[in-house]
Amino acid sequence: MPVPAAFDPVAATEALLASVPPEVAARSDAYFEGGYWLVLWSTLVSVGAAWALLHFGIAARMRALAERVARRAWLASLVFAALFVVAITLLELPFEVYASFVREHQYGFATQRFGAWLAEAGVSLGVNVVLLSPALALFYALIRRAGRVWWAWGGALAIALAAFAIAIAPVYIEPLFNDYTSLPAGPLRDDILSLARANGVPSGDVLLVDASRQTTRISANVAGLFGTARIALNDNLLAQCTPAETLAILGHEIGHYALGHVFTLLLQLGLLLGVGFLFADRVFAALQRRFGARWGVRDLTDPAGLPVLYAAFAVYLLLTTPVQNTIIRVNEAHADLFGLNAAREPDGFATAALKLGAYRKLAPGPLEEALMFDHPSGRSRILMAMRWKAEQLRTRER
């Protein structure tokens, strides 16, 4: 695309933002800002669900049942964990129905009927029981072995479990919810594979996901570890975006892989989780001394105390939301810049950011973006692309 010699990145950014109809921007802002409250309400719901399990003696009865079924401590922990996952899911289900189904339909982002949504929620519950129950049993084995310093090892265990989940997700979990087929042969597929080869992505195929059965959102990813890496884009992206926008988005996703962000995030968030386990440990100690007898919770090794740890960790995650957002946002910004240099589609990147603005606030204030955004805002991304474009023009003019 021809670029004027006096190209101004700031003016170009503001012009693109101004092209969004006011009513569309207002709807996007309302949706995104409502998500701030959902973070708070989600925490309160989790704490309330945990309190109900403790206050009404449900956790203690589940522990007693688990110990009757299994005499060995690790097996009793496994049984209790499975019961806990089911119980907490059912208690939080009304909120989840509102947040993930009703609200998404209100804003036009969901496409499923309730029966289909509920069926997928059931599949998710089954997956969580299969994966989270052994994980929680491992944590209780760690607590029994490491004692009061269990939290110091908890972060390392969390990293290992997360890496395992990332490795198996593309092969065993994601196909439970969507069909993956090869993107039809053509120039776009060839360009994506060329971009992948040039940046070290070990994939000889591009997969198309039928995400339109659930949502209207556009997305793509390069996911997997230890030989399971694969490139995927959803059918909404294919239908709604131009080839330039698609390549810009795939350049960003390839950037995550090429820059090793999965390992960076595992380490950074693992350290954050380790501190969270310490926080939960201290909260547990205080609450167990005061309410342990009333709740039927013996000590830290008692699985009946899991709701206490669950609630404490939910509060910790709420308090550290800005830290989590900053960690992720910095990695996303690095992938943005990588994608611009790899795909060399600044205009496509900018207009793709506008399309993502359907459900992401485009122009927040600096403090709002720093605290509440886990991706750079639309304005930040478009300005980055326009600055990249301006510098390329300067180079060409020499």
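This is a predicted model: local features need pLDDT of at least 70, side-chain atom pairs count only at pLDDT 80 or more; totals for chains, interfaces and linings use all residues.
A helix crossing is termed left-handed if the near helix is turned anticlockwise from the far one by less than a right angle, and right-handed if clockwise. Residues are numbered from 1 along each chain as its sequence is written, and side-chain values use heavy atoms, with hydrogens and water left out.

Helices (DSSP runs of H or I, at least four residues, numbered from the N terminus) were examined for packing. The crossing of H6 and H10 is right-handed. The axes of H6 (residues 150-173) and H10 come within 8 Å and cross at roughly 140°, where axes are lines fitted to C-alpha atoms over the stretch in contact and angles run from 0 to 180 degrees between N-to-C directions. H6 and H10 are therefore oblique to each other; angles under 35 degrees count as roughly parallel, over 145 as roughly antiparallel, 65 to 115 as roughly perpendicular and the rest as oblique. The contact (heavy atoms within 4.5 Å) includes Trp-150, Trp-151 and Gly-154 of H6, and Val-262, Asp-281 and Arg-282 of H10. Its residues comprise 13 nonpolar, four polar and two charged, with Ala, Val, Leu, Ile, Met, Phe, Trp, Tyr, Cys and Pro taken as nonpolar, Asp, Glu, Lys and Arg as charged, and the others, Gly among them, as polar.

H10 (residues 261-295) also packs with H11 (residues 306-319), at an angle of about 135° and with the axes 8 Å apart. H10 is therefore oblique to H11, and passes H11 in a right-handed crossing. Among the residues that meet are Phe-277, Phe-284 and Trp-295 in H10 and Phe-313 and Tyr-316 in H11. This contact divides into 16 nonpolar residues, one polar and one charged.

A search of the whole structure finds one cavity of 30 Å³ or more. A cavity is a set of points on a 1 Å grid over the protein atoms alone where a 1.4 Å probe fits but cannot get out, and lining residues have an atom within 4 Å of a point. The largest cavity has a volume of about 60 Å³, volume being the space filled by probe spheres set on the points, which are joined across faces, edges and corners. Its lining includes Ala-353, Arg-360, Lys-361, Pro-376 and Arg-381. Helices H13 (346-356) and H15 (378-397) each supply at least two lining residues, and the lining is made up of four nonpolar, three polar and three charged residues.

Conventions. On a 1 Å grid over the protein atoms alone, a cavity is a set of points where a 1.4 Å probe fits but cannot get out, and a pocket is an open set with protein on both sides within 12 Å along at least five of seven lines; lining residues have an atom within 4 Å of a point.
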